[in-house]
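Student: I am new to this structure, and I would like to learn how to read it feature by feature. Could we begin with the terms and then turn to the case at hand?

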Amino acid sequence: MADNTHFQAEGALAVARLVASELQAQQAVPPGYFQHVDAQLDPLGGIHWPSERPVDKPVVLEVGAASVFRTVQAAVDAVPAGSTHRTQIRIAPGTYRELIRVPANKPRISFIGLGERAEDVVLVYNNASGTAKPDGTGPYGTGGSASVRIDGADFTAANLTFSNDFDEAANQEMKNRQAVALFLTGDRAVLRNVRCLGNQDTLLVDSPSRGVQSRFFFNHCYVEGDVDFIFGRGTAVFSGCEIRSLDRGSDSNNGYVSAGSLNIQIKHGYLFTGCRFVSDAAAGTVHLGRPWHPSGDVEAVAQVLIRDSWLGAHISGTPWTDMSGFSWQEARFHELNNNGPGSRVTPTRPQLDPAVAGQYTLEAYLRGTDGWAPQLAGTRADSAAAPSGA
């Protein structure tokens with residue numbers, strides 16, 4: 001039987017207040033045990049609601065040399081389509097050289113690295129956009145080059161590395177050398193203590209189709225690359241992350257951090273908050289972003305905000321630049337309250353109006369229409385966690 005009260009945000013809050021009030025009236029709890037019973041609370045924005053029922057235990061699949069599953073893809077293949085339970089794929093330390101695909105009909109899958117560090121579990125392959133497919137049907141293309149592609153919703157990953165180690169230097173004759181490490185389209189993905197390694201087009205944060213929003217939360221992660229290495233039409237929040245631009249050896253242009261292509265109808269694109277932008281590249285030679293209009297799509301208008309972050313000396317004094325004939329000034333590029341040697345306020349560096357800064361917070365980017373709040377997981381606001389002392 002469906003429960004449309006207790007597991008619905010407003011209903012759950014109302015029931016909780018009734019229970020707390022009655023326990024207080026019956027003196028069944030010490031005075032002051034419940035606090036702020038009548039306080040106003042946004043039931044969606046103030047409570048973390050998991051995508052699966054908190055009473056359901058996750059299914060656990062082990063991957064490793066001594067486990068039932070020797071590859072990550074074999075474990076993914078074993079997950080039933082349409083499962084309402086979370087499946088934790090726990091991966092033993094090691095390097096797994098394989099193509100990994102999580103289809104859209106397999107939501108609620110978690111990749112968990114069992115090493116002491118994210119470096120201990122590496123999911124890697126080496127296809128590039130121009131790499132020929134084995135069946136002779138042509139090259140893989142940029143999206144097809146991904147070492148790992150996640151189309152299932154409510155995906156999580158923790159304590160591991162996604163990598164594409166395609167060797168650009170050894171393949172100079174190849175025209176298209178974009179090589180994706182991780183390609184995300186499924187909504188509500190959470191990645192914690194994860195590394196994404198590559199060169200051009202390392203991390204593709206996308207959505208199932210134009211005009212459809214998918215949200216991604218990167219918490220204390222590491223992303224490296226050189227050209228457009230964070231790109232796509234998704235809504236992505238990078239909180240407390242390290243963003244490293246690789247040194248291409250140029251004294252004038254060592255690449256671009258982002259190439260967003262958000263649909264104009266969607267308000268929130270990329271947010272970098274509390275991040276560190278670092279590099280060994282020459283001072284002033286890396287751009288923060290440029291506007292990507294796939295196939296000339298005029299409705300793909302990047303939105304990028306970098307706020308409360310540290311910018312290294314490698315960041316250009318004019319950090320936003322044009323792309324394929326489209327002006328950066330027509331995109332939605334802003335900074336706010338940054339510091340570091342690569343940070344400054346000039347006419348070519350638009351600053352977000354403080355009056356609207358509250359509309360461009362981590363919470364606002366992730367909330368959507370369903371009140372998604374993964375940043376609250378594990379806190380006192382987590383509906384899936386019992387309060388201390390209960």
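Tutor: Let us start with burial: a residue is called buried when its relative accessible area is under 20%, exposed when over 50%, and partly exposed in between, with a 1.4 Å probe and protein chains only. Please keep in mind that this is a predicted model, in which local features need pLDDT of at least 70 and side-chain atom pairs count only at pLDDT 80 or more, while totals for chains, interfaces and linings use all residues. Residues are numbered from 1 along each chain as its sequence is written, and side-chain values use heavy atoms, with hydrogens and water left out.

Student: Is Ser129 buried or exposed, and where is its place?

Tutor: Ser129 counts as buried, at 7% relative accessibility, and it sits in the loop between strand S6 (121–125) and helix H3 (141–144). Helices and strands here are DSSP runs numbered from the N terminus, a helix being H or I with at least four residues and a strand being E with at least two. If contact means heavy atoms within 4.5 Å, then Ser129, not counting residues up to four places away in sequence, touches Pro139, Tyr140, Gly141, Thr142, Ser145, Asn176 and Gln178.

Student: What does Ile100 contact, leaving aside its neighbours within four places in sequence?

Tutor: Ile100, which belongs to strand S4 (residues 100–102), is in contact with Val72, Gln73, Phe111, Leu123, Ser147, Val148 and Arg149 once neighbours within four places in sequence are left aside. At 0% relative accessibility, Ile100 counts as buried.

Student: How should I read a salt bridge, and how many are there by that rule?

Tutor: Side chains of opposite charge can pair when their charged atoms come close. The rule used here asks for a side-chain nitrogen of Lys or Arg within 4 Å of a carboxyl oxygen of Asp or Glu, and by it the count comes to 17 salt bridges. One of them joins Arg97 to Asp165, with the closest N and O atoms 2.6 Å apart. This pair links distant parts of the chain, since Arg97 is in strand S3 (residues 94–97) and Asp165 is in the loop between S8 and strand S9 (182–184), 68 residues apart. Arg97 is partly exposed, with a relative accessible area of 46%, and Asp165 is partly exposed as well, with 36%.

Student: Which residues are linked in a network of salt bridges?

Tutor: The network is made of Asp154, Asp187, Arg188, Arg215 and Asp370. Within it, the side chains of Asp187 and Arg188 meet at 3.4 Å, N to O; Asp187 is buried, with a relative accessible area of 17%, whereas Arg188, at 22%, counts as partly exposed. Another salt bridge runs from Arg215 to Asp370, where the closest N and O atoms are 2.8 Å apart. Arg215 lies in strand S12 (residues 215–219) and Asp370 in the segment after helix H4 (362–367), so this pair ties together parts that are 155 residues apart in sequence. Arg215 is buried at 4% relative accessibility, while Asp370 is partly exposed at 34%.

Student: How many disulfides does the structure hold?

Tutor: A disulfide is a covalent bond between the sulfur atoms of two cysteines. Taken as a pair of cysteine sulfur atoms within 2.5 Å, the number of disulfides in the structure is zero. Cys196, for instance, is in no disulfide, and the nearest cysteine sulfur, that of Cys221, is 6.8 Å away; Cys196 counts as buried at 1% relative accessibility.
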